[in-house]
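Reader: I am new to this structure and would like the terms set against their values. Please show it, and then I will ask.

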Amino acid sequence: MDDQIRIPCVMMRGGTSKGPFFLRSDLPSDPQQRDQLLIEIMGSGHPLQIDGIGGGNTLSSKVAIIGPATREGADVDYLFAQVNVLERLVDTGPNCGNMLSAVGAFAIEQGLVPAQNGETRVKVHNVNTGKIIEARIQTPGGELRYQGDTQIDGVPGTAAPVYLAFLEAIGAKTGKMLPSGTPHEIIHGIPVSLIDGATPVVIARAEAFGLTGSESAAELDGNRDFMARLEEIRVEAGSRMGLAGVRNSVLPKPVLIGAPRNGGSLAVRYFTPHSCHSALATTGAVSIAIAATLPDSIVGAALSDLRYPADLTFEHPTGRMNVRVELDEAAGGRPVVFVTRTCRRLFEGAALVRRGN
């Protein structure tokens, strides 16, 4: 035997993100031991993650851990881990809706959920937030299908659609849509909305910073004064939302909105939080859509003539994302957001870690 341990692993693309998927039973049950293992697997602490399987980018340094459901009404548990690229840190505070889009397919292939004829609905319990999201997976003839005609911006080619229904999209971390108690407030001179939807966000109009909201991700990342100012607003927003340790956490996520340029509903720039997302996080899109249902919020004011059900298109740095918002009258008008994503199984085998670590 050699001096490395093999841990079964499947590399999957989910939406515009990718990373290794593990069965919960194949990882240590102790969170600290588990996180140290993930740091080594991904190669964190180096900008290229050269000694691991991470891609040197926040969008490709993500991990999904799947197991049998521990919540009633769910089919599987999904714990998301954001593994920091430059620092040897793991954050399990947020959810990731893009990685979520691959959870149903992984669960079916691992035998956790039986495939149905036509479409298989997998109710996913996101352990990070305690919420259930329904993933609708294409399974014609009871066979999982990855290939199809659906195209999402930020991913080349086409694939089979995955429909995500965020059934419990409000209050992912704080339990409240408006954790500070108001849809509109001022932080460091900038009007903002603090919304806790599928993920906590602090939303501002780009024009408040002298921007348009249609800048490239590289242009925004290179604007050091703006990024420093945005971080101070984010930290104060986190404090007002009741989130602890904000400087060392990826939550809340900053969002800029602006006038659309290509026929969409809004131009959107989403931050992860210390760099601009090359596309748009699914959970971010859901939170923006929820904000649209509040007339006095930054988003609601920008989309004042919205009628429900509403189809919204958010323009991001590499294209567009479409979401649908419905109001569940049986649940007192609670917003339910639907997002279309795709996924693909990329590689299967084992991740290797040093024996004794």
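Charged pairs

Author: Both Asp 35 and Arg 34 are buried; buried means under 20% relative accessible area, exposed means over 50%, and partly exposed lies in between (1.4 Å probe, protein chains only). This is a predicted model, in which local features need pLDDT of at least 70 and side-chain atom pairs count only at pLDDT 80 or more, while totals for chains, interfaces and linings use all residues. Residues are numbered from 1 along each chain as its sequence is written, and side-chain values use heavy atoms, with hydrogens and water left out.

Reader: What makes the contact between Asp 35 and Arg 34 a salt bridge?

Author: A salt bridge is a side-chain nitrogen of Lys or Arg within 4 Å of a carboxyl oxygen of Asp or Glu. For the side chains of Asp 35 and Arg 34 the N to O value is 3.0 Å, so the pair meets that cut-off. The general point is that side chains of opposite charge can pair when their charged atoms come close. The search of the whole structure finds 19 salt bridges.

Reader: How do you know that Glu 109 and Arg 345 form a salt bridge?

Author: Their side chains meet at 3.4 Å, N to O, and the limit of 4 Å covers that value. Glu 109 belongs to helix 3 (residues 103-109) and Arg 345 to strand 17 (residues 343-354), so this pair ties together parts that are 236 residues apart in sequence. Helices (H or I, at least four residues) and strands (E, at least two) are DSSP runs, numbered from the N terminus.

Reader: Why is Glu 109 called partly exposed, and why is Arg 345 called buried?

Author: Glu 109 has 39% relative accessibility and therefore counts as partly exposed. Arg 345 has 17%, so it counts as buried.

Reader: What makes Glu 231 and Arg 234 a pair about one helical turn apart?

Author: They are three residues apart in helix 5 (residues 224-240), which means that about one helical turn separates them. Glu 231, at 15% relative accessibility, counts as buried, and Arg 234 is buried at 0%. Elsewhere, salt bridges that share partners join Glu 119, Arg 121, Glu 134 and Arg 136 into one network.

Reader: What makes helix 6 largely enclosed by the rest of the structure?

Author: Eleven of the eleven residues of helix 6 (residues 282-292) are buried, and therefore the helix is largely enclosed. Among these buried residues are Thr 282, Gly 284, Val 286, Ile 288 and Ala 292.

Reader: Why is Glu 143 called exposed?

Author: Its relative accessibility is 54%, so Glu 143 counts as exposed. Glu 143 sits in the loop between strand 7 (131-139) and strand 8 (162-166). From Gln 116 it is 27 residues away in sequence and 7.9 Å away in space, C-alpha to C-alpha.

Backbone and pockets

Reader: How do you know that the bond between Thr 272 and Pro 273 is cis?

Author: The omega of this peptide bond is about 10 degrees. Pro 273 lies in the loop between strand 13 (266-270) and helix 6. Another cis peptide bond joins Tyr 308 and Pro 309, with omega about 0 degrees. Pro 309 is in the loop between helix 7 (298-302) and strand 14 (310-316). In general, most residues other than glycine have a negative phi, and most peptide bonds are trans.

Reader: Which phi values do Gln 49 and His 188 have?

Author: Gln 49 has a phi near 45 degrees, a positive value in a residue other than glycine. His 188, also not a glycine, has a positive phi of about 50 degrees. Gln 49 lies in the loop between helix 1 (31-42) and strand 3 (62-68), and His 188 in the loop between strand 9 (185-187) and strand 10 (190-196).

Reader: Are Gln 49 and His 188 buried or exposed?

Author: Gln 49 has a relative accessible area of 1%, so it is buried. His 188 has 51% and is therefore exposed.

Reader: What makes a residue part of the lining of the largest pocket, and how many residues line it?

Author: On a 1 Å grid over the protein atoms alone, a pocket is an open set of points where a 1.4 Å probe fits, with protein on both sides within 12 Å along at least five of seven lines, and lining residues have an atom within 4 Å of a point. The largest pocket is lined by 25 residues, and Thr 58, Asn 84, Val 85, Leu 86 and His 274 lie nearest its centre. Strand 4 (76-83) and strand 5 (90-91) are the elements that give two or more residues to this lining. The second largest pocket has Arg 24, Arg 34, Asp 77 and Val 127 among its lining residues.
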